[in-house]
Amino acid sequence: MDGALGEEHLNFMQWAVSNGVKINGVAPARFPGRRLGMIVTRTIEEGEVMLSVPLAVMLTIDSIPPRFVDRFLGGSSIHGILAAFLTHGDGDTRERLEAWQKTWPSLQEFEDNMPMLWPEHLRASHSVPKSSSRRSVLPPSISGMWNTFKKIPVNMGYETRYQDLLAQQEKRFNDAWGDVLSAFPNTDWKTFTYNWLIVNSRSFYYTSPGKGEPEDWNDAIALVPFADYFNHEDDAACGVNFDGRTYTFTATRRYEPGEEVYMSYGPHSNDFLLVEYGFYLDVNASDSIYLDDIIFQSLTAEQKKELVLREYFGNYEVTAEGVSSNVELVACLKYMSLRDWRKYILGQSDRNVDPQKTAGIICDWIRTYLTESEVTIKSIQNAMDNMPVASGNAAISAKQERERLNMVLGRWIQIRHLCGKALKSVGPTSA
């Protein structure tokens with residue numbers, strides 16, 4: 001364990017063990033240049049349980065007193081109620097959680113890394129329009145906005161879990177804020193915001209016994225003490241299981257002392273990780289971007305209706321390995337007759353499919369995204385180069401802005417690289 005680790009983390013370990021958490025060969029540690037994580041303290045063999053956390057010590061909707069939950073209107077989010085409980089819960093409960101809460105990140109850390117808390121000019125999205133004189137700095141999957149073309153209305157609704165991420169997050173927060181004000185009119189915005197982000201960024205999967213999945217997947221959540229030290233890796237060598245009574249974390253390979261143990265938060269893109277957790281991975285096998293706004297510009301109303309009818313409308317994903325199958329099908333629709341295209345998707349005939357034409361169309365779409373990345377990278381670099389020299393509080397704000405811009409710049413450089421690899425994967429027309 002790093003000697004710089006604060007006493008509050010040692011106290012929390014003692015609290016966790018005294019409350020039934022079983023810690024086996026791991027401990028929290030501070031890694032240079034990064035946030036806290038979980039380190040191996042002895043050799044751990046494959047198959048060993050490194051950590052187990054009983055349900056009794058978790059914070060769930062079922063562990064909150066019914067009299068507190070009953071203050072909220074029907075339809076209030078579980079996420080919002082958990083955050084409200086951390087804000088307004090009874091004194092005994094808050095005292096019980098104190099040792100745990102002292103290990104959580106500060107509001108300042110959230111303000112540094114979470115786009116939801118950035119100034120308007122940095123988080124421009126559908127819900128926070130950018131001014132005409134500024135470019136959007138966040139990627140389109142986050143902001144839903146573009147710098148190199150004007151997005152046209154689709155006029156057709158569809159579910160976009162990994163697009164318009166910031167607007168979706170802000171809606172969930174604003175709905176929860178309205179609910180908590182109805183129950184507790186004097187709620188402090190900053191305190192509730194902090195607790196909402198704690199729940200958002202540190203929760204684990206949980207559903208109430210016998211109630212099945214909630215309508216909103218964001219509400220299948222609970223806080224799990226000590227397990228929230230694990231950082232994310234897409235292909236982590238850590239098995240995670242919840243049997244309704246205990247969360248267990250098992251090594252799926254041999255670990256040596258000093259190694260960091262990761263768990264997987266799920267196969268998420270880096271845009272999703274940035275919005276929801278305030279970081280992104282240098283290497284992410286699940287990273288992707290979406291061509292929806294680009295493709296929609298090139299389709300006729302009739303073609304859009306056909307895609308809706310056939311359930312191929314939207315979520316046109318691109319990874320470094322190429323594109324999702326629905327992207328190829330839409331590209332075929334661009335040059336095939338409707339009759340031939342229907343035969344093709346129904347598996348009746350592929351006689352009129354031209355792989356070279358398909359690849360050419362897809363590459364044009366990807367190049368549009370590539371151009372967006374190049375333009376935005378240059379814009380961010382220019383903004384950083386031309387930041388005025390400041391002193392005092394202004395210098396602190398300028399440093400914070402530079403760090404945020406540098407974070408987004410790194411993400412755009414990843415997107416540019418992803419576009420380049422995808423072009424090579426699609427076909428020879430990308431040369």
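Trainee: Is Arg-254 buried or exposed, or does it count as partly exposed?

Mentor: Buried means under 20% relative accessible area, exposed over 50%, and partly exposed in between (1.4 Å probe, protein chains only). Arg-254 has a relative accessible area of 43%, so it is partly exposed. The model is predicted: local features need pLDDT of at least 70, side-chain atom pairs count only at pLDDT 80 or more, and totals for chains, interfaces and linings use all residues. Residues are numbered from 1 along each chain as its sequence is written, and side-chain values use heavy atoms, with hydrogens and water left out.

Trainee: Which side chain does Arg-254 meet in a salt bridge?

Mentor: A salt bridge is a side-chain nitrogen of Lys or Arg within 4 Å of a carboxyl oxygen of Asp or Glu. Arg-254 meets Glu-45 in this way, at 2.7 Å from N to O. Arg-254 lies in the loop between β9 and β10 and Glu-45 in the loop between β3 and β4, so the pair ties together parts 209 residues apart in sequence. Helices (H or I, at least four residues) and strands (E, at least two) are DSSP runs, numbered from the N terminus. Glu-45, at 36% relative accessibility, is partly exposed. A network of salt bridges links Glu-45, Arg-254 and Glu-256.

Trainee: How many salt bridges does the structure hold?

Mentor: There are 18 salt bridges. One of them joins Arg-310 and Glu-306, at 2.9 Å from N to O. Here Arg-310 is partly exposed at 28%, whereas Glu-306 is buried at 4%.
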